[in-house]
Amino acid sequence: MARSWRCQSELSKRIIIAQEFDLKRKLIAVTKIQAVARSCNCRREQSAKRNLLKRLIAATTIQASYRSRELCQRKSRARELELEKRATAATTIQAMTRSWMCRRELLQRREEAHQVQVVITRTASSVAIQSMIRSWKSRRVCLQRLEQNRHIKDEREAIAATTIQTMARSWRCQSELSKRIIIAQEFDLKRKLIAVTKIQAVARSCNCRREQSAKRNLLKRLIAATTIQA
């Protein structure tokens with residue numbers, strides 16, 4: 001009985017150990033399978049990302065080439081338009097130059113015809129022209145003389161006005177100076193009168209003092225003489 005129980009317990013332990021080992025092995029297998037699956041998924045994602053990046057680079061390259069081509073086309077169109085503008089401007093300038101040359105030639109011919117007409121009319125009206133020139137010269141001389149006389153008159157009036165202003169200013173200065181001299185003389189006279197008054201007061205004071213001293217001396221002598229007689 002004891003041996004049977006020991007065998008059963010040993011067997012159960014081995015079975016448990018075997019189950020645990022089997023479980024660990026299964027867990028390891030599951031972990032490896034998951035790692036392999038994750039690695040595969042990661043590789044797939046990396047490959048997808050690489051493909052997407054390649055597609056983006058290709059799209060960017062295509063867009064850059066398209067834009068470069070479009071820019072070149074625009075530049076070529078701009079150059080063509082510039083050449084067309086220059087050609088149009090050159091044609092316009094040439095047309096204007098030709099028109100100007102034609103107008104100048106027409107004006108020259110008109111001037112020549114006018115000169116011929118003038119020569120013809122000069123031969124017929126030289127006396128009238130000479131009389132008009134003489135009249136114009138005489139009028140100019142008269143106007144010049146009138147202008148000179150007016151200028152001389154203006155100068156004389158200016159000189160007279162300046163002389164009058166100078167005389168008025170001189171009279172004002174002289175009257176102001178005379179007023180100041182009179183004021184100074186009056187002030188000097190007042191000062192002298194004050195000085196004379198002071199001198200007279202001092203002289204009167206001295207005379208009064210002398211008289212008082214003489215009276216005192218006389219009184220003293222009289223008193224002394226009376227004393228002696230008594």
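Glu155 is placed in helix H2, which covers residues 126-229; helices (H or I, at least four residues) are DSSP runs numbered from the N terminus. The model is predicted, so local features need pLDDT of at least 70 and side-chain atom pairs count only at pLDDT 80 or more, while totals for chains, interfaces and linings use all residues. Residues are numbered from 1 along each chain as its sequence is written, and side-chain values use heavy atoms, with hydrogens and water left out.

**Glu155**

- Glu155 is partly exposed at a relative accessible area of 39%; buried means under 20%, exposed over 50% and partly exposed in between (1.4 Å probe, protein chains only).
- The side chain of Glu155 makes a polar contact of 2.7 Å with that of His151.
- A polar contact is a pair of N or O atoms within 3.5 Å; within protein, one must be able to donate a hydrogen and the other to accept it, and residues adjacent in sequence count only if both atoms are side-chain atoms.

**Salt bridges**

- The structure has 5 salt bridges, each defined as a side-chain nitrogen of Lys or Arg within 4 Å of a carboxyl oxygen of Asp or Glu.
- One of them pairs Arg180 with Glu176 at 3.6 Å, N to O.
- Arg180 and Glu176 are 4 residues apart in helix H2, about one turn of the helix; Arg180 is exposed at 56% relative accessibility, and Glu176 is partly exposed at 38%.
- Asp188, partly exposed at 25%, forms a salt bridge with Arg191 at 2.6 Å, N to O.
- About one helical turn separates Arg191 and Asp188, because they are 3 residues apart in helix H2.
- Lys192 is partly exposed, with a relative accessible area of 48%.

**Nonpolar surface patch**

- Leu52, Leu53, Leu56 and Ile57 make a nonpolar surface patch of about 390 Å².
- Patches take residues with over 30% relative accessible area and no salt bridge, joining like charges within 9 Å and nonpolar side chains (Val, Leu, Ile, Met, Phe, Trp, Tyr) within 5 Å; accessible areas come from the Shrake-Rupley method with a 1.4 Å probe, and for residues only the protein chains shown count as cover.
- Ile57 lies in helix H1, residues 2-124, and is partly exposed at 48%.

**Cysteines**

- The whole structure contains 0 disulfides, a disulfide being a pair of cysteine sulfur atoms within 2.5 Å.
- Cys142 is partly exposed at 44% relative accessibility, whereas Cys173 is exposed at 53%.

Note on methods:
Helices (H or I, at least four residues) and strands (E, at least two) are DSSP runs, numbered from the N terminus.
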